[in-house]
Amino acid sequence: MDDVLVEAHVTKPQRLARISQEWTYILRVRARWAQDTDLRGRLAERAVKDLRSIGISEHQLQRLATADRIEVELVTLDPSGFDDGDAYEAASEMPWEYLISAATRAEGRFRPLLITRLLRNGLGRVTPHPPKSVLFVESAPGRLNDQYSFDEEEERISAAVGVSVKNKKRSRPLEWETLKTPSFSKLKAELHSNNWEAVHVTGVDNHQAGWFIDNFYEDLESDSPDRLKAVMDVHGRLRDGMILWEGTDSELPVSFYQLAQTLVGRHPPRIVTLNLYYSGARIGRELVKSGAHVALGFLDEIDDEIAENFFQEFYWSWCHPDNAILAISDAFLKAWQKVSAKNLHGTSIVIWMGRSVFDDREYKKRPPARATSRRRTAR
C-alpha cells in the first residue's frame, strides 16, 4: 500500500458543471448498465478520462488506487473567470464516489475504499463512541400520509442502536425519541432546545412530492407563490429539501438551507442521517456547513428496502462494534461493504464530514493516499 500523501487538485472547475450533469444522468439510469460488465468497464474508462479533463492525472489516479481512504474537499473558490456559485453546486452534485471508485479500479485498485466529502466547519476532535441519544424524525404530512408508513424503519433503526420501540427495552443506556410528522416549528423547537447526538430523518423530499401529488407545484404557484419561490433557485429549478407542514400549509416544501438550519440547533448533532431522495448533494452539505459533525444521504433515488437496510447496518456497526469502538467513518465503510455486496453499482451514498478523517488517524509512518478536490480558476 502506498503511504505517501497524494493531493489531486481540480484545476479546471469550469468543466465541473457539464461533467456533473452527464454523470448524474448516467447514474440515474444505472438499471440499464449495472449488470453489464462490459458497459461498466467502458464507464470506468470514461471516469478516468473525465477526471483527467479537470486536472487529475492518470499518474495521480494510479497512486490513489493504492489508498484505502480518499477525501474530496470543498474549499474557498476564486470567483474570477467563471460562475463561482455554479462551480460550487456542480462540485456538490458531482458523484465523486462513483467516479473515483470506478477510475481507481480501472487503474488496478482491488482493496475496499472509503470516500468521504469534507467541508471544514471548525469542529474539534470527538472521541469515538456510540450515540448516547437518538432522535427519529418521520414526516409524511397531508396527502402523503396515505402513501407512507415508517413503522418498520423505526423498528430497524431502534433495534440497531439498542432500543425496542415495542416493549421499551434497552440493551444499553440510551435516550430515544420519535417525532411523528412534526410541524416545522415543532421540529425546530425540539432540535434547538435539546441535545441529540444522532438524528435520523425519513420522509418525502421536495422532488418526490411532485411525483406523488398531481399538480402539486402548479397548485402551489397559484395558491402560495411566495412558498414556491422559496424553494426555487435562480435558474427556476426546484431546490432539494423535504416536505413538512406548518399551520394551514398541510404539505410545506422546505429548502435544503431551511432544513439544515432547523436540524442543527444550539448543540449540533454528531450525525444526521437522511433517508430522503436527493439529500446527499446539498442537504448533507448544508448540515455540515451549519455545524453538524457528519451527515449521510443519497445523491438521487434509492430503493426503500436498500436504504433502510443500509442505515440499519450503519447504526448496528456503530453501536455494536465487533472489537474496538468504531469512528463514524469506519461504521459507514463497514455498512457500505455489507450492502454493496448486493450489486449496487452506481448507488451513491454520501458521507459529509466537518473534520478530515486524516486529522484523527494515527499512523506509524506517513499518512496514506489522500485526494482533495480544490477548485481553482483555469490558468
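Which charged end sits over the ring of W23? That's the one I'd like to open with, and the answer is R46: its charged end lies over the W23 ring, 5.7 Å from the ring centre. Before I go on, please keep in mind that what we have here is a predicted model.

Okay, let's stay with rings for a moment. Let me show you two of them.

Take Y148 and F150. Their rings are stacked, with 5.7 Å from centre to centre and 15° between the planes. If you're wondering where they sit, Y148 is buried, and F150 is buried too.

Now compare that with F310 and F311. Here the centres are 5.3 Å apart and the planes meet at 65°, so this pair counts as edge-to-face. Again, both F310 and F311 are buried.

How many salt bridges does a search of the whole structure find? It finds 24. I'll walk you through three of them, and then a network.

First up, R69 and D330. The closest N and O atoms of this salt bridge are 2.1 Å apart. It links distant parts of the chain: R69 belongs to strand β1, residues 69-73, while D330 belongs to helix α14, residues 328-339, and the two are 261 residues apart. So is R69 buried or exposed? R69 is buried, at 8% relative accessible area. D330, on the other hand, has 24% relative accessibility, so we call it partly exposed.

Next, R143 and E251, another salt bridge, where the closest N and O atoms are 2.7 Å apart. R143 is in the loop between β3 (133-139) and α6 (151-161), and E251 is in strand β7 (residues 249-255), so this bridge ties together parts that lie 108 residues apart in sequence. As for accessibility, R143 is partly exposed, with a relative accessible area of 45%. E251 has a value of 9%, so E251 counts as buried.

We're not done with strand β7, because D249 lies in that strand as well, and its partner R227 lies in helix α10 (residues 225-229); this pair ties together parts 22 residues apart in sequence. The side chains of D249 and R227 meet in a salt bridge at 2.9 Å, N to O. D249 is buried, with a relative accessible area of 19%. R227 comes out at 37%, so R227 is partly exposed.

And here's the network I promised. Which residues does it link? They are E89, E93, D240, R282, R285 and E286, joined in a network of salt bridges.

One last stop, back towards the start of the chain. A8 is in the segment before α1 (16-28). A8 is buried, with a relative accessible area of 3%. Look across from there to S57: A8 and S57 are 49 residues apart along the chain, and 8.0 Å separates their C-alpha atoms.

Notes: Residues numbered from 1 in each chain as written. Predicted model: local features only at pLDDT ≥ 70, side-chain atom pairs only at ≥ 80, totals over all residues. Heavy atoms only, no water. Phe/Tyr/Trp six-rings, centres within 6.5 Å; stacked < 30°, edge-to-face > 60°. Buried < 20%, exposed > 50% of the residue type's maximum accessible area, 1.4 Å probe, protein only. Lys NZ or Arg CZ within 6 Å of the ring centre and 35° of its normal. Salt bridge = Lys/Arg side-chain N within 4 Å of Asp/Glu carboxyl O. Helix = DSSP H or I, 4+ residues; strand = E, 2+ residues; numbered from the N terminus.
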